[in-house]
Amino acid sequence: MGSEGLWARWGAWEKYSARGMKGAEALILELNRIVYSSGIASPIGSKRGQNARIHYLDSKAGREALRAQGVSDRAMKSWFKGKSRPSRANLDRLDAAYWVRRRENLIRSGWLKRHLDNHGQGRRMEIYPVDQSAVPEPRSRSNISERSIVVRYVWEDLVDAWAAQDENMLDEIWDDIITDLDSDYAAYAYVGSVGISA
């Protein structure tokens, strides 16, 4: 059915200035947050952060990721031998290549799926409704509150869809998640955000 069809029962979600996003988009942002919070903590501007990223990318796949970001073979060779440090222009390229490889490795290794599945226990998800602060009083839905549910069994499909950037599949998965809420689940087809306890 898709989120747009669900929301239709409540009316056009932005018609009266409600602010939010599709549930699938909120899932994408939250998975990105989990990936980015699991990586190297030292900032790219620090020597430690640069060294850690260079070390992480010291492989054939790492070099390919650096090339894809526009780093020359000459610069890479010098970094890997410890003869020079990345220029200011190359710092962003180094950081971007690191995060591309980090994301690929978390997907390929299965770590992200296992982490979210949590040995079959799933993860608690907080669902924050659309922001209705700008909606005129007669048009607002005061009965829509933050919800908290434990989500199981969708994580493998969710990570696969996220990895493939398949927003249609993410939309279907979101519909599956919110049907566990109650008869008012259509009001959560669009949300302010979601949070996953991972």
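**Close-up views of the predicted model**

View 1. Tyr98 is buried, with a relative accessible area of 1%; buried stands for under 20% relative accessible area, exposed for over 50% and partly exposed for the range in between (1.4 Å probe, protein chains only). The model is predicted: local features need pLDDT of at least 70 and side-chain atom pairs count only at pLDDT 80 or more, whereas totals for chains, interfaces and linings use all residues. Residues are numbered from 1 along each chain as its sequence is written, and side-chain values use heavy atoms, with hydrogens and water left out.

**View 2. Aromatic pair Tyr56 and Tyr98.** A search of the whole structure gives 3 aromatic pairs; rings of Phe, Tyr and Trp (its six-membered ring) pair if their centres lie within 6.5 Å, and planes under 30 degrees apart are stacked, over 60 edge-to-face and the rest tilted. The ring centres of Tyr56 and Tyr98 are 5.0 Å apart and the planes are at 75 degrees, so this pair is edge-to-face. Tyr56 belongs to helix 3 and Tyr98 to helix 6, so the pair ties together parts that are 42 residues apart in sequence. Helices (H or I, at least four residues) and strands (E, at least two) are DSSP runs, numbered from the N terminus. Tyr56 is partly exposed, with a relative accessible area of 27%. One aromatic cluster is formed by Tyr36, Tyr56, Tyr98 and Trp99.

**View 3. Arg53 and the charge over a ring.** Arg53 is found in helix 3 (residues 47–56) and is buried, with a relative accessible area of 3%. Its charged end sits over the ring of Tyr98, 5.4 Å from the ring centre; the criterion is NZ of Lys or CZ of Arg within 6 Å of the ring centre and within 35 degrees of the ring normal. Leaving aside neighbours within four places in sequence, Arg53 is in contact with Ile40, Ser42, Pro43, Ile44, Leu94, Asp95 and Tyr98, where contact means heavy atoms within 4.5 Å. Elsewhere, the charged end of Arg103 sits over the ring of Trp162, 4.2 Å from its centre.

**View 4. Two sides of helix 3.** Gly49, Gln50, Arg53 and Ile54 are the buried residues of helix 3. Seen down the helix axis, these residues fall within an arc of 130 degrees, so they line one face of helix 3; the arc is that of the directions from the helix axis to the C-beta atoms. The buried residues pack against helix 5 and helix 6 (88–108). Lys47, Arg48 and His55, on the other side of helix 3, are exposed.

View 5. An open sheet of 4 strands has the order 1-4-2-3 with antiparallel pairing; two strands pair if DSSP finds at least two bridges between them. Strand 1 (21–22) and strand 3 (147–151) stand at the edges, each with a single partner strand, so one side of each is left without a neighbour in the sheet. Strand 2 (residues 123–129) is joined to strand 3 by 5 bridges, and Ile127 stands opposite Arg147 in strand 3. In strand 4, the bridge partner of Ile127 is Val194. Strand 1 and strand 4 pair over 2 bridges, with Lys22 opposite Tyr190 in strand 4.
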